[in-house]
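Please open the model in your viewer and keep the sequence panel beside it. The tour moves from the whole chain to a few selections.

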Amino acid sequence: MLKNIKPSMPDPIMSLMEAYQQDAHPNKVNLGIGLYYDHQGNIPLMQAVHIAEQRLLEQQRPHAYPPIEGSALFANQIQTLLFGEPIPRIATIQSIGGSGALKLGADFIYHYLSRREIWLPDPTWANHQAIFEGAGLQVNSYPYFDDLSGQLRFEAMLDTLSSLPEGSVVLLHPCCHNPTGTDLDPSQWRTLIHRLQQRRLLPFFDIAYQGFGDGLEEDCFALREILKTDLGFLVSNSFSKNMALYGQRVGGLSVCCDSVESAGRVKGALKTLVRRSYSCPPTHGSQVVETLLSDPQLHQLWESELTSMRQRIKQMRITLAAGLEQGGSTLDYARISHQKGMFSYTGLNEQQVNQLRQQYSIYLVSPGRMCLPGLNLQNVDYVAQAILDVTCPK
């Protein structure tokens, strides 16, 4: 039987990472995979996280099984970060990273809500389609971003969502849209949420980059707004980026219900899905989060570190855009400085992306998604000059 298995298509982002690691060019630059790097090009161990880990080690806790749904304290902390306070009618459980939350939410939609389709923004994170298709859902798309103009396709987005049947599931990025870095403003969010309520659609928010846009509170604007309505919704969140806990796979899935009783039943359904999949979540990463968020001083230190990370990304945006402007680039460099979060849809086409990789060992995800934290003061001028070389007429 095993001989009949056909070769799998490699993941484009992970394959890009492998190619970068094998590249011997002394000036190679990784602007592909979604990781935060510090000004020296390293993945940071945040000081607040390090202190929290040291405290855990000193306690010498045994490695017992956690509850199926994870820690109740961890769930309350997630709700406080996302919604401002714990809310009894929201069922929150720990997941294996943000990706695990998406998969768990997809299984819940398929098995308990009897939905067979989901609508994703065009474009969106490449793995969204694989996760939802893998759960048995048919993946459709709605207009979101025009790469040629660099503008949000807001009216087209509203028109498409207005045509969907009641109960349709719609994936939304509350902040730091991946891959475009282009978000709705507060007025547009209010309009969109009103339309979702009118059409009785089911939003599924994926907030993987909280704190990298405008701030921890500001990045949750859409979640706080929709909480004012009578709509049910789902939220997947992750601590991979904002605490740099990539390998610990720490995230959560929240489902907003119409009552405390309904939330209890939903949590029971989610626990059933977990039990028959991976049984219970890992504990170390969530305990780090719990320790950090429970201590006011560590919490403040973490917020300060996260602010510095966010500001460094913004500075790299401005520096790169300024270099392109000074070099007379024909690329729409203004969009790079205006977009938010870790990513930018630069407007570079596939041929130019290939040229950057082959001639300069600069790695971007096709068609032109750049991970800004890969830039630093040592390489930003090199990247700007390379982009000028592949975009400006000779």
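What follows is a short tour, stop by stop.

This is a predicted model, in which local features need pLDDT of at least 70 and side-chain atom pairs count only at pLDDT 80 or more, while totals for chains, interfaces and linings use all residues. Residues are numbered from 1 along each chain as its sequence is written, and side-chain values use heavy atoms, with hydrogens and water left out.

**The whole chain**

Along the principal axes, the C-alpha atoms fill a box of roughly 65 × 55 × 55 Å. Of the 394 residues, 55% count as buried, meaning under 20% relative accessible area with a 1.4 Å probe and protein chains only.

**H4 and H9**

Next select residues 97–111, helix H4, together with residues 260–275, helix H9; their axes come within 10 Å and cross at roughly 110 degrees. Axes here are lines fitted to C-alpha atoms, for helices over the stretch in contact, and angles run from 0 to 180 degrees between N-to-C directions. H4 and H9 are therefore roughly perpendicular to each other, a word that covers 65 to 115 degrees. Show side chains to see Leu104, Asp107, Phe108 and His111 of H4 meeting Val266, Ala269, Leu270, Leu273 and Val274 of H9, where contact means heavy atoms within 4.5 Å.

**Gln188**

Now move to Gln188, which lies in helix H7 (residues 186–199). Gln188 is buried, with a relative accessible area of 19%. Leaving aside residues up to four places away in sequence, Gln188 touches Leu152, Phe154 and Asp183.

**H13 and H14**

Finally, select helix H13 (residues 350–360) and helix H14 (residues 380–391), whose axes come within 10 Å and cross at roughly 125 degrees. Which residues meet between H13 and H14? On the H13 side they are Gln352, Gln355, Leu356 and Tyr360, and on the H14 side Tyr382, Ala386, Ile387, Asp389, Val390 and Thr391.

Methods. Helix = DSSP H or I, 4+ residues; strand = E, 2+ residues; numbered from the N terminus. Parallel < 35°, antiparallel > 145°, perpendicular 65-115°, else oblique. Buried < 20%, exposed > 50% of the residue type's maximum accessible area, 1.4 Å probe, protein only.
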